[in-house]
Amino acid sequence: MNHGITVTGLFSAIAGESNNKDAFNISHLSFTPYRVEGRKGVSVFPLYDTRNECEDGSSAALVRYASNAKTPRHMHPGWELVLVIEGELIDDRGRHGPGVLQVYPPKSTHELSSETGCTFLVIWEKPVKPVQTTV
């Protein structure tokens, strides 16, 4: 089974290992609550969304998790790329800090959380589908 790709140390490569704290400064952006069932402590800053033109269209956003935020298990019909910008994101593969790129292949599932809070860039090739859990 293909579990995708993880790339680490990307920020140091992009920023030339600079100490310029403004290189990825997103503090001025206005994030809005992400009102999707099951998500707790999640807000977004949409970058683009093609679902108005095509039901299965791609989209991208900056996503911010508050401390103890959680997103329940879900499935990706298409590729999903997640680049951690700040804080720590937790998924089925472990804990990921700034500069870690997670690449999730089509039909993969995962749940996400953050104990301390984090911000990440996410690109969805196709809209996310919820996964039914049994009780």
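In this report, Ala, Val, Leu, Ile, Met, Phe, Trp, Tyr, Cys and Pro count as nonpolar, Asp, Glu, Lys and Arg as charged, and the others, Gly among them, as polar. The structure is a predicted model, in which local features need pLDDT of at least 70, side-chain atom pairs count only at pLDDT 80 or more, and totals for chains, interfaces and linings use all residues. Residues are numbered from 1 along each chain as its sequence is written, and side-chain values use heavy atoms, with hydrogens and water left out.

The mean pLDDT (the predictor's confidence in each residue, from 0 to 100) of the chain is 83, and 80% of the residues reach 70 or more.

One cavity of 30 Å³ or more is found in a search of the whole structure. A cavity is a set of points, on a 1 Å grid over the protein atoms alone, where a 1.4 Å probe fits but cannot get out; lining residues have an atom within 4 Å of a point. Grid points are joined across faces, edges and corners, and a volume is the space filled by probe spheres set on the points. The largest cavity holds about 140 Å³ of space. Of its 16 lining residues, Arg39, Tyr65, Thr71, Leu112 and Trp124 lie nearest the centre.

The lining of the largest cavity divides by residue class as follows.

| Class | Lining residues |
|---|---|
| Nonpolar | eleven residues |
| Polar | three residues |

Strands here are DSSP runs (E, at least two residues), numbered from the N terminus. With five residues, β4 gives the most to this lining.

Key: On a 1 Å grid over the protein atoms alone, a cavity is a set of points where a 1.4 Å probe fits but cannot get out, and a pocket is an open set with protein on both sides within 12 Å along at least five of seven lines; lining residues have an atom within 4 Å of a point. Helices (H or I, at least four residues) and strands (E, at least two) are DSSP runs, numbered from the N terminus.
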